[in-house]
Amino acid sequence: MFLKRPIIGLVVIVLFVSNNPAWCGQAEQVDSLRSEWIKARENFQHELGIAATSQERELLKAKNPDREFASRFLRLAEKLGTNSEAAAEVLVYTTYADRNGSVGDQALNLLARDHVDSRCLELLFNSKPLPDDAAAENLFRAIAGRSRKYEYQGQATKILADLLKDSDPDEAGKLYQVVIKNYGDVKSFEDFGQRLGKQAQRGLFYVDHLVTNKIAPDFEGKDTSGKIIKLSDYRGKIVLVYFCSISCAPCHALYPYWRSLTERMKDQPFILIGINSDPPQKMFEIIQKEKITWPTLLDDYNQPNSINAQWYVQGWPTIFLIDEKGVIRRHWVGSPGDEIIDQQVQELLKKASGD
């Protein structure tokens with residue numbers, strides 16, 4: 001699946017930019033502010049990763065530096081002149097520093113107005129998580145419809161389909177078909193080495209089989225002991241499937257909650273299944289360190305037939321909640337929070353018992 005990215009954080013955009021100091025003719029003030037932002041985020045992610053409890057993590061969220069930097073980036077873009085390439089670069093940073101917030105939306109709208117051909121869009125295409133609100137939809141529709149760059153049109157069309165695949169699977173399916181027909185051989189900016197047509201085919205499978213109220217397709221994999229585990233083995237139980245990697249700080253932060261959840265649900269018809277993309281030796285270490293007692297499958301996301309690829313997982317953590325009949329009832333990209341997961345699991349357990 002391409003290079004996986006944690007849902008919180010900017011791993012790819014940071015690495016990509018830091019290895020390309022001349023990208024988009026960056027001005028000195030752009031370099032300075034970007035470097036300051038990267039350092040602030042590194043410190044924040046470190047503190048989040050070592051937090052011992054969910055309460056500590058909640059308190060730490062108030063220290064997230066992104067909102068402050070979003071406003072600073074937007075002011076710098078205005079200073080540079082919004083039509084400049086340097087401004088386009090800064091606007092991209094703004095969208096990530098305030099993903100789906102009002103400042104980020106201003107940046108998205110300026111990109112849609114002035115920069116549908118800017119090379120700096122490749123920073124946006126190449127990174128996860130992408131903004132996914134109305135302003136983001138407006139931007140990708142603008143790129144798909146007005147950009148003079150063929151490969152940008154294709155990438156934007158595929159991303160637009162991804163944005164709509166849960167809220168409007170019918171339109172998403174049509175957009176995936178457009179990608180397959182018109183842009184199938186275009187190389188993906190998100191996932192180097194892959195073609196948009198292949199990604200769109202997986203997107204079509206998703207809208208046909210993996211949106212809420214669909215029967216979850218079966219999967220099969222091996223755990224660290226070599227035991228074969230199938231999703232269908234747990235029909236009759238409420239199943240929570242989560243996709244993760246230890247390289248993803250938010251995934252690591254969920255382990256205390258998963259332990260609590262499985263302990264509280266040990267006498268209920270419930271099962272937690274992890275799909276982990278770490279190397280086997282690393283997974284052995286994680287199982288011991290995190291005291292994992294629930295089924296955990298090893299899944300090499302680089303393989304075209306991995307469960308990650310089959311289920312069109314686009315970032316970690318990704319969570320599916322499946323009822324006792326095998327029907328997908330909830331799907332989250334990123335954790336919705338402990339209380340929401342608890343509530344949804346309890347509701348499905350009550351329905352399954354007939355209460």
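Modeller: Happy to! Let's start with Tyr312, which sits in the loop between α14 and β6. Keep in mind that this is a predicted model.

Biologist: What is the phi of Tyr312?

Modeller: The general idea is that most residues other than glycine have a negative phi. Tyr312 is not a glycine, yet its phi is positive, at about 55°.

Biologist: Is Tyr312 buried or exposed?

Modeller: Tyr312 counts as buried, because its relative accessibility is 5% and the cut-off for buried is under 20%.

Biologist: Now the helices. How do I describe two that pack together?

Modeller: Two packed helices are described by the angle between their axes and the distance between the axes. Take α4 (residues 66–80) and α6 (residues 102–114): they pack at about 30°, and their axes are 9 Å apart. Their crossing is left-handed.

Biologist: Which residues make the contact between α4 and α6?

Modeller: From α4 come Ala70, Ser71 and Leu74, and from α6 come Val103, Gln106 and Leu110. Sorted by class, the contact has four nonpolar residues, two polar ones and no charged ones.

Biologist: And the sheet? In what order do the strands run?

Modeller: There are five strands in an open sheet, ordered β5-β4-β3-β6-β7, and the pairing is mixed. At the edges are β5 (296–298) and β7 (328–333), each of which pairs on one side only. Ignoring direction, neighbouring strands of this sheet are turned by 15° against each other on average.

Biologist: How do β3 and β4 pair?

Modeller: Strand β3 (residues 238–244) pairs with β4 in the parallel sense, over seven bridges. If you want to trace the pairing residue by residue, Val241 stands opposite Ile273 in β4, and Phe243 has Ile275 as its bridge partner there.

Biologist: Why is β4 described as largely enclosed by the rest of the structure?

Modeller: Because seven of the seven residues of β4 (residues 270–276) are buried. Both faces are covered: Phe270, Leu272, Gly274 and Asn276 are buried on one side, and Ile271, Ile273 and Ile275 are buried on the other.

Biologist: One last stop, please. Where is Ser147, and what does its side chain reach?

Modeller: Ser147 is in the loop between α8 (134–146) and α9 (150–164). Its side chain reaches the backbone oxygen of Val116 at 3.0 Å. A polar atom of the Ser147 side chain also lies 3.1 Å from the backbone nitrogen of Lys149.

Biologist: Is Ser147 buried or exposed?

Modeller: Ser147 is buried, because its relative accessible area is 3% and buried means under 20%. Leaving out residues up to four places away in sequence, Ser147 touches Val116, Asp117, Ala142, Tyr152 and Gln153.

Biologist: Thank you, I will go through these on my screen.

Note on methods:
Residues numbered from 1 in each chain as written. Predicted model: local features only at pLDDT ≥ 70, side-chain atom pairs only at ≥ 80, totals over all residues. Heavy atoms only, no water. Helix = DSSP H or I, 4+ residues; strand = E, 2+ residues; numbered from the N terminus. Buried < 20%, exposed > 50% of the residue type's maximum accessible area, 1.4 Å probe, protein only. Polar contact = N/O pair within 3.5 Å; in protein donor to acceptor, adjacent residues only side chain to side chain. Contact = heavy atoms within 4.5 Å. Axes fitted to C-alpha atoms, helices over the stretch in contact; angles between N-to-C directions. Left-handed = near helix turned anticlockwise from the far one by under 90°. Nonpolar A, V, L, I, M, F, W, Y, C, P; charged D, E, K, R; others polar. Pairing = 2+ DSSP bridges.
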